[in-house]
Amino acid sequence: MTAARPASPAEVEIRLAETGYLADDGLATVAWLALTMGRPLLLEGEPGTGKTALAEALAQALDAELVRLQCYEGIDAGQALYDWDFPRQVLHLRAVEATRGDGESLDVAAVESSLFDERFLLERPVLRALRSPNAVLLVDEIDRSDDEFEAFLLEVLSTNAVTIPEFGTVRAEHRPLVVLTSNRTREVHDALKRRCLYHWVEHPGLAREVEILRTRLPEVPARLAEQVASAVHRLRDGAQGPAGADLVKPPGVAESLDWARCLAALGRTELDVEAAAATLGAVCKYREDADRVRASLGRLLAG
């Protein structure tokens, strides 16, 4: 059963919190506006700030189907839209030929029409979302795609419809909520940005990050959650000199959660140098970063 649409940004914030996602007022407001106005939502920000997780939480909060399109270099419209089940089409054609009587000629037009029937149509994410009665379409890391794919996506977002030459036009009866994410490895074109509502997703403040850890990981002791959040914030801010300066990948909320999970799994109730060194792979994903942080763990945890 489809959940009723939230009546206000405050209700969005409450529903997201029920899924374990803690949104601030600005993020809850822009999400509500996207829902109410039927506009796509473009989220930009550093990796690990919770952009993808927001789309997942919105789908859960709305009791909607989450349809994810992961972008990458070279992705094209066909990989996002639809394909035809060629092996089954061949089997169907052979079956038609096998059932033909002696001397009976094929009705080429009828056979061709039957080959491009609904049963042979393979839905890719965009088509699936357009045909769903209740969907959140997550277009993840749109900045990894190229200009041609952006242009295709812009057309789909403008019309909420796609035309399949052999099949016809498919128009959304129920417009999906579209959430696009970007890590800003390149600038998304202005035309696409104009079509969307925009929000820059920041790393949460220290108090909010502690709250996220406590909400998502209730089994983690409060003291440990505070220590993990504080240490991660120092790494992001570069407060510990060489340990935090110029990290290849500053840790995001996902790394905070992973670090806390690892420590809890080891039975740790506090974050000390020994525990931090043993679990550093949860928060530092590059050797250079791990070496910098390991060299000054004492200062990092003493702050």
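**Notes on the predicted model**

1. Let's begin with the parts list. The protein's secondary structure comes to 15 helices and 9 strands. Keep in mind as you read on that this is a predicted model.

2. Now for the overall outline. The C-alpha atoms fill a box of roughly 90 × 40 × 35 Å along the principal axes. The radius of gyration of the protein is 25 Å, whereas a compact globule of 303 residues would have a value near 19 Å.

3. How much of the protein is tucked away? Of its 303 residues, 45% count as buried.

4. Take the contacts between residues at least 6 apart in sequence: 74% of them join residues at least 24 apart.

5. Next, the charges. The protein has 34 positive and 49 negative charges.

6. What about disulfides? A disulfide is a covalent bond between the sulfur atoms of two cysteines. The count for this model comes to 0 disulfides. C71 is in none, and its nearest cysteine sulfur, that of C196, is 12 Å away. Seen from the other end, C196 is in no disulfide either, with the sulfur of C71 as its nearest cysteine sulfur, 12 Å away. To be a disulfide, the two sulfur atoms would have to be within 2.5 Å.

7. Staying with those two cysteines: are they buried or exposed? C71 is buried, with a relative accessible area of 1%. C196 counts as buried as well, at 6% relative accessibility. The cut-off for buried is under 20% relative accessible area, so C71 and C196 both fall in that class.

8. Most residues other than glycine have a negative phi. N160 has a positive phi, near 50°, and is not a glycine. Where does N160 sit? Its place is in the loop between α8 (147-159) and β6 (161-164). N160 is buried, with a relative accessible area of 10%. Not counting residues up to four places away in sequence, N160 touches L130, V170, R171, A172, R175 and P176.

9. You'll find R184 in the loop between β8 (177-182) and α9 (190-195). Is R184 buried or partly exposed? At 42% relative accessibility, R184 counts as partly exposed, whereas N160 is buried.

10. Last stop: L206. This residue is found in helix α10, which covers residues 206-216. At 39% relative accessibility, L206 counts as partly exposed. Which residues is L206 in contact with, leaving aside its neighbours within four places in sequence? They are A229, S230 and H233. There is also a C-alpha separation to check: L206 and V232 are 26 residues apart along the chain, and their C-alpha atoms are separated by 9.2 Å.

Definitions and conventions
Residues are numbered from 1 along each chain as its sequence is written. This is a predicted model: local features need pLDDT of at least 70, side-chain atom pairs count only at pLDDT 80 or more; totals for chains, interfaces and linings use all residues. Side-chain values use heavy atoms; hydrogens and water are left out. Helices (H or I, at least four residues) and strands (E, at least two) are DSSP runs, numbered from the N terminus. The radius of gyration is taken over C-alpha atoms; the globule rule is 2.2 Å times the number of residues to the power 0.38. Buried means under 20% relative accessible area, exposed over 50%, partly exposed in between (1.4 Å probe, protein chains only). Contact means heavy atoms within 4.5 Å. Lys and Arg count as positive and Asp and Glu as negative; His and the chain ends are not counted. The place of a charge is taken as NZ of Lys, CZ of Arg, CG of Asp or CD of Glu.
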